[in-house]
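Please look over the sequence and the model shown below before reading on. The notes that follow are a short briefing, grouped by topic.

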Amino acid sequence: MNPDRRFKKRTLFLALYLLFALLPIYWMINMSFKTNEEILSSFSFFPQHFTWANYVRIFTDESWYSGYINSLIYVAINTVISLSVALPAAYAFSRYSFLGDKHVFFWLLTNRMTPPAVFLLPFFQLYSTVGLMDTHLGVALAHLLFNVPLAVWILEGFMSGIPREIDETAYIDGYSFPKFFIRIFLPLIKAGVGVAAFFCFMFSWVELLLARTLTSVNAKPIVATMTRTVSASGMDWATLAAAGVLTIVPGAIVIWFVRHYIAKGFAMGRV
Amino acid sequence: MSTTTKPVNQKAWFLILPVLICVAFSAIVPLMTVVNYSVQDIISPERTVFVGTEWFAAMMRDEELHGALLRQLGFSFSVLLVEIPLGIALALSMPAKGWKSSAVLVVIALSLLIPWNVVGTIWQIYGRADIGLLGFTLQKIGIDYSYTGNATDAWITVLVMDVWHWTPLVALLAFAGLRSIPDAYYQAARIDGASKFAVFRYIQLPKMRGVLMIAVLLRFMDSFMIYTEPFVLTGGGPGNATTFLSQYLTQKAVGQFDLGPAAAFSLIYFLIILLLCFILYNWMQRVGTQKVEVEQ
């Protein structure tokens, strides 16, 4: 098989997957420009009675758009804390052995393995006791439980791929540890930092149960606001679709900014 | 974690201390509380009776739970079998440079960013034969498809939805792993005249081992706890074809408000995930080191 044909096969595979990935999203966008009656009454590739009403409702109703703002605030706090505590820890795990290192490393991940249903009540009690209920910081701290282990594991994987000789050479060249870490080491694991940042953002952004349990008004996230569209009078499909389209936007912007980190990866040549 | 020998340095504990504080703050108290619930009969918040391991024994005997566990295992392993190879294949075929690379990255990540209840809702419409693209198309081709009426269709729809939703996670991790391989490796392979497959088998796959391990474990534990999407899409039906463990747990904890048994079940559930992840982790680590030996 010549390389040209293999290339075409790969492109075809990728195109097919992208189609598979985009069609449900297209359907959501399609729905977001329809009225509820139109969604439920007929099948159509394009909205027959095009309307912005669903988006207007979200942008003019404070209880809707404040959900986006609240979510963005605690997700940002969470991502920053997660990465800044995970970076040194991942370095320690990848470079040194110490008492209990393997156990602690695996224990971290076990915090992602607890089925949430029963844990919500003690979470509620704990956060009420320490006075963090209905605050952005409270949700951000609660989300550290699953984001910090994830960030540590991802970063450790990338750091272990960097040969230890690089650390040693830097010390011989007279770099201090912080200087070495920021100037030399971080650029080498850019791809890992990019992926970890995106995943922290993503998991915190879509998490519903904890965020809903720990908030009532002031920090109510968009995912909780969305559950309002299910009511006794039936589903408000159109508003939900519009809100869904809008929840994709911030994450798409985040991945747009970290894409260079992910795609460039190993930058040995520039050291 | 790699198994190569590393210098012993107990001071490294200071580097992981912030992580321990952050995680332990939210981890220990709730876990202890749930353990406390699991050994009591909670009649009201003021009246509780110590019952020892009774709830655990009752849960272990529960026939419904056995059924849900088997369905769960079948589902989670299907998820891994489809999503891991598909994610690797995607990462290998994604363009590495230029605007195309950026565009593909963004498009692939989109499905991850939709809240889970919306994912279920969208697929609920998408799969309907009268008003949804997928159901409509399948009906037109002549396949009698109904995710609400047919158990197999429902199961496959939940699986396809999960593949659509989560394969990007595997693909992004694998892609980042691939991009971190220094060019020198590829140059060496080119000089040796290595085939495409050999490059994949002896360079790309071993170098992706770390990220793939994370991808496998993450996909395993998250699919094992899947709740929102099938609940919204099928409500666990038809019959109990798509009732997985966490839905059963939520019925117990929220529906019947049996806090004691639900807590006992949570702990058993947690231990099952822990055990399976531990086995997967150790197995993957062994496979990884054997590969390195082959390389040398």
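Helices (H or I, at least four residues) and strands (E, at least two) are DSSP runs, numbered from the N terminus. By that rule, chain B holds 13 helices and 2 strands. This is a predicted model, in which local features need pLDDT of at least 70 and side-chain atom pairs count only at pLDDT 80 or more, while totals for chains, interfaces and linings use all residues. Residues are numbered from 1 along each chain as its sequence is written, and chains are lettered from A and ligands numbered from 1 in the order in which they are written.

**Chain B as a whole**
- The C-alpha trace of chain B spans about 75 × 65 × 30 Å along its principal axes.
- Of the 296 residues in chain B, 41% are buried, meaning that 20 or more other C-beta atoms, placed from the backbone, lie within 10 Å of the residue's own.

**Where chains A and B touch**
- The contact, in which C-beta atoms placed from the backbone lie within 7 Å, takes 89 residues from chain A and 82 residues from chain B.
- On the side of chain A that touches chain B, helix H1 (residues 3-32) of chain A gives the most, with 14 residues.

**Helix H7 of chain A**
- Helix H7 (residues 136-160) of chain A has 25 residues and should span 36 Å at 1.5 Å a residue, the expected span being 1.5 Å times one less than the number of residues; its end C-alpha atoms are 34 Å apart, which agrees.
- H7(A) is mostly covered, with 24 of its 25 residues buried.

Terms used:
A residue is buried if 20 or more other C-beta atoms lie within 10 Å of its own, exposed if 12 or fewer, and partly exposed in between; C-beta atoms are placed from the backbone. Two residues are in contact if their C-beta atoms, placed from the backbone, lie within 7 Å.
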